[in-house]
Each structure stands twice: as structure tokens, then as C-alpha cells.
Amino acid sequence: LGDEAVKRTRAARMRRGLWRTLASLVLPVFVLAACARRRLVMMMDFGRAAQQQLNLTSPVDSSREHCIHRIGDVIFDELDRTWRYPSNCAAHLHKFDATLAREALSGKSLFFLGNSVNRRLLYAVAHILGGSNATYNRSPVAAEIVQDVGSHTIFEIGVNASGHCSRQYRCSTAAFGINAQARSISESSLQMFNCENKNVWIEKRKLSDSAIALGFLFTSTPVVPVAARFLEIWANLDDASFAASPVDNYDILVVQILILDIKEESYFEKLYQALKKLMRRRKALGRPVRVILWGSPHNLASELHTTTIIELIQQKLRPRMRDIGVTMLDVTFATAHASALTLGQHQKGSLHHFMDFTRLMLADMLINTINTL
């Protein structure tokens, strides 16, 4: 009886061993198949998105207007791990080095309105402007070299003629922790972001020796409803408060569009009306402002297909904004495609933040867009 029990135990162990061996052989196949299927689905989605992009404009058109429209339609080289603009647009679009970037932005002031992705875009622009004098992220554990500095809700930095970047400065001393829910934002809550008057804006830039001023205001997420609310309040301020506000003290507004939910389409009209009134007011004051809407950057939290976001931007947002002279920089396909190719990866543990590859690509696209205004 004892021998029979031993035999049964050995047989059971052998069976378990066989199952483990079989599982070790078969499971990786299923995992690889699942990953391959996921990648195939992603590439099919990007294939549809790519065709959608090509259907918007002729790919052989080399006119300036067409190329401005296609700034976001970059071409990736997986082997060299780089990207380029369409060859038929070489006369209008190019990658900027520090010298060319400083020439393009010299004397200009840019105001970035959005979440921390837009703040990181600001610092990527500063990195290109800096060239050999750029401030690098020198942390030994950092996977990025492009600087990013956590901040108050609002700040400005200056880049001088040599490309050196200043520290953050601001007028407000109470710019922490604004409740950025669109319904709770009031005129009084935005007043704390103003300088005392317009002369203070001018003087602080002199002190920073700025050839180029880059400002930022944090909207939290979701971006679109909060940005629309900010702009609506600013557009309706009294004359003195308006003159002291950020939106009357920059040449170019860089407003981020982040579409995570189909419901955000309902805020497009509010954004349109606010920008329309703001731009008309600046023009009437003899201080016209240019506005660039850029987005929607690929976000791992979004459940919307790339094609759906492109349709919302190209069919709903771009035509409406074009009517009032707002420039649309559509980066949806480029950022999603870069991510799918593992060229433009997100930061480890982040659903929103890109690594250097995509940050610098977006910064170059923005400089090209400004250069065409």
C-alpha cells in the first residue's frame, strides 16, 4: 500500500511538471499574440487616421497655405529614430536650431495656457532657443535632458539674446492652488494673476534682460472648459484690469487643446466666443494678438480613437477658429503615431507627459507655426 501511494504521488508530480512545462511554452505565445493583436489594432487605427489626414489636403501640394496646414503631419524614421516634415514643404517648414529659433522669436512674448503638458512645451521651446547655452536637467537619475521646473500656477521666464534662460518670476505672491474647476472660477480669482499695471510688466522684462518672454498659466485638467472660462473672464474685465492682465501683455497666446472626452466638444463654442471677443478688444486697443490652438496631444487616459479626435479638430474646431484668425496646430496624429512606434514615449508612470523626443518635436512644430504667422 505504501509503494502504491508513492507511485501515485510521483505520477501526480510528473503530471504537474508536464503542465508547467506546457504552460511555459504556450503562455508566451499567447502573450506575444495578444501584444501583436494590440499593435495591429493600433496600427490599423493609425492607418485610418493617416488616410484621414491625407484626405484633408493633397499630399503633393507645396503651397505655403497647404504646408502651414500640414505642420503636424510629420514623417517618422524608425531606423534613425528621428522625424522630418513632408519633403514637398521643404521651402516652408524646417527644423530650427538655436540661431534660427532666436531669429524667429526675437522680441516676441508667448503666453502658454494649459496644463503641465503645456508648461513642459514652454521649457522645450526654451531648450531649442538655448542651444549650447540651454539649461539641462542634470539629475543623475533623470531619463530626460530637457529642463522642466515645477512652478506656481503662473510664472514667466526670459530667454536672452545668447539663449540663457532666467529663473521663474511673477507679479503675484498668491498664485498657489487656484480652484480650476470652470464653474468656480471668478473675476476676483483671476485678478491675483495680474501685475499692478502694464508698466510693471514692461519693467520686470527689462530686469530679466529678456529678448524673448515665455509665460505660463496652469488650467488643470480638463483643459478646454477651464481655458474657455479664463478667456471669457479676461475678455470682460474693466480697462485697467485688462491692461494689467496676462492676456494683454503677450504677443502670442498658445492655448492647449486636450480632448479626453467627447463631451468637451460642447465647450468649443464658448472657447470660440471668448477668443473672438478678446482678439477684437486687443485689435481695438491697437495691440493685436495672435492665437495658436495646439492639440490634442496623445494621452494614455483618453479612450477616444485618434480618428475621432482628428475629426473633432478638423471638422468642428479648425473651421470655426479660422473665421476669427486663430491658427490651429493639430498634433493628434503625430504624437499618437510617435507613441505607437515607441519613439515618443510617455514618462514612466505618467499618462500625460512626453519624454524629450516628443517634447522637442512639438516645440519645433510650434516655432514653425509662429514663423508662418
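I started with the cysteines: C67 and C89 form a disulfide, with their sulfur atoms 2.1 Å apart. My rule for a disulfide is a pair of cysteine sulfur atoms within 2.5 Å. This pair links distant parts of the chain, 22 residues apart, with C67 in helix α2 (residues 64–69) and C89 in the loop between β2 (82–84) and α3 (98–105). I took helices (H or I, at least four residues) and strands (E, at least two) as DSSP runs, numbered from the N terminus.

A note on what I'm looking at: this is a predicted model, where local features need pLDDT of at least 70 and side-chain atom pairs count only at pLDDT 80 or more, while totals for chains, interfaces and linings use all residues. Residues are numbered from 1 along each chain as its sequence is written, and side-chain values use heavy atoms, with hydrogens and water left out.

Back to the first pair. I read -90° about the S-S bond, and the link of C67 and C89 is left-handed. Both C67 and C89 are buried. For burial I used relative accessible area with a 1.4 Å probe and protein chains only: buried is under 20%, exposed is over 50%, and partly exposed is in between.

Next I looked up C171 and C195, which form a disulfide with sulfur atoms 1.7 Å apart. C171 sits in the loop between β4 and α5 (187–191) and C195 in the loop between α5 and α6 (198–207), so this pair too links distant parts of the chain, 24 residues apart. The torsion about the S-S bond of C171 and C195 is about 75°, so this disulfide is right-handed. C171 counts as partly exposed because its relative accessibility is 28%; C195, at 5%, counts as buried.

I get two disulfides in the count, and with the bonded cysteines numbered in sequence order the pairing is 1-2, 3-4. I also checked C165, which is partly exposed at 22% relative accessible area.

Then strand β4. Six of the six residues of β4 (residues 154–159) are buried, so the strand is largely enclosed by the rest of the structure. Both faces are covered, with I154, E156 and G158 on one side and F155, I157 and V159 on the other. I find six bridges joining β4 to β5 (residues 212–218), and the two run antiparallel; pairing takes at least two DSSP bridges between strands. I154 stands opposite L217 in β5.

Last, the whole protein. I count 12 helices and eight strands. Buried residues make up 49% of the 373 residues.
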